[in-house]
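Dear colleague,

Please find below the structure that I am handing over to you.

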Amino acid sequence: GVLVGVRVGNFPLVFTPEEVVVHFGGVAARVTRLQRSEARETAFQVEAPAGYPGVVSVSVSAKGRAFLNCSFEFEYWDDSVPLVASYSPYQVYSDGGHVVSVELTNVPLDTLLSEIAVSIEPSSRAIQTLTALSLSFHETPTEARATVTFATPAAMAGAAAVRVSVRSKAAASFPLLLVAPPTRPPA
């Protein structure tokens, strides 16, 4: 659905967007606006159809004159990033070893546990890389969600920032409160 501006030279004169035929990797695309068509250059906007990350060949021709065409390469980028939907618990003791569960959206269903990275930046500002313990997927009424678990490290009490990355794409960090464990039993 992204609009792409295209300029081609030595193209037949056209008068409407419907006269310009564009295919992205064999998939027809809709020309949304014809900016100009002159002897030296034709310029238009086309709506790129949905595609998977990678390079495709784009062909451009005038309707009814497919023999007069040009082509160029277009690269689809995967710009989706994981989003934190929820996490639990929101606070743990700072002595380490407590399991935290993070629910994410925008995670490809073929993601492997080895493609998950977790980091925590406690109040000491020393970022630590953690190992994800588990990865599971489940469906909600509107989307697929992934649940990642990790164990907290021992750290200084205070607010910590946690970040989960999937295939090197990081979700926004979320706060985790590290609380000093009690030193004596309750009275």
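**Two loop residues with positive phi**

Serine 168 lies in the loop between strand E14 (158-166) and strand E15 (169-170); strands (E, at least two residues) and helices (H or I, at least four) are DSSP runs, numbered from the N terminus. Although serine 168 is not a glycine, its phi is positive, at about 70 degrees. With 76% relative accessibility, serine 168 counts as exposed; exposed means over 50% relative accessible area, buried under 20%, and partly exposed in between (1.4 Å probe, protein chains only). Asparagine 10, in the loop between strand E1 (3-9) and E2, is likewise not a glycine and has a positive phi of about 55 degrees. Asparagine 10 is exposed, at 76% relative accessibility. Most residues other than glycine have a negative phi, and most peptide bonds are trans. The bond from serine 88 to proline 89 is cis, with omega near -10 degrees, and proline 89 sits in the loop between E7 and strand E8 (91-93).

**Basis of the model**

This is a predicted model, in which local features need pLDDT of at least 70 and side-chain atom pairs count only at pLDDT 80 or more, while totals for chains, interfaces and linings use all residues. Residues are numbered from 1 along each chain as its sequence is written, and side-chain values use heavy atoms, with hydrogens and water left out.

**The chain as a whole**

The chain has 16 strands and zero helices. Its radius of gyration is 26 Å, well over the 16 Å that the globule rule gives for 187 residues, so the chain is more spread out than a compact globule; the radius is taken over C-alpha atoms, and the rule is 2.2 Å times the number of residues to the power 0.38. Along the principal axes, the C-alpha atoms fill a box of roughly 90 × 30 × 25 Å. Of the 187 residues, 33% count as buried. Among contacts (heavy atoms within 4.5 Å) with a separation of 6 or more, 58% are between residues 24 or more positions apart.

**Aromatic pairs**

Three aromatic pairs are found in a search of the whole structure. Rings of Phe, Tyr and Trp (its six-membered ring) pair if their centres lie within 6.5 Å; planes under 30 degrees apart count as stacked, over 60 as edge-to-face and the rest as tilted. Phenylalanine 24 and phenylalanine 74 form an edge-to-face pair, 5.1 Å centre to centre with 85 degrees between the planes. This pair links strand E2 (residues 20-24), which holds phenylalanine 24, to strand E6 (residues 65-76), which holds phenylalanine 74, 50 residues apart. Both phenylalanine 24 and phenylalanine 74 are buried.

The ring centres of tyrosine 87 and phenylalanine 174 are 4.2 Å apart and their planes stand at 35 degrees, so this pair is tilted. Tyrosine 87 belongs to strand E7 (residues 83-88) and phenylalanine 174 to strand E16 (residues 174-179), 87 residues apart. Tyrosine 87 is partly exposed, at 27% relative accessible area, whereas phenylalanine 174 is buried, at 4%.

**Two strand residues**

Threonine 147, in strand E13 (residues 144-151), is buried at 15% relative accessibility. Leaving aside neighbours within four places in sequence, threonine 147 has contacts that include Ser101, Glu103 and His138. Valine 27, in strand E3 (residues 27-37), is partly exposed at 42% relative accessibility. Not counting residues up to four places away in sequence, valine 27 touches Val22 and Pro49.

With kind regards
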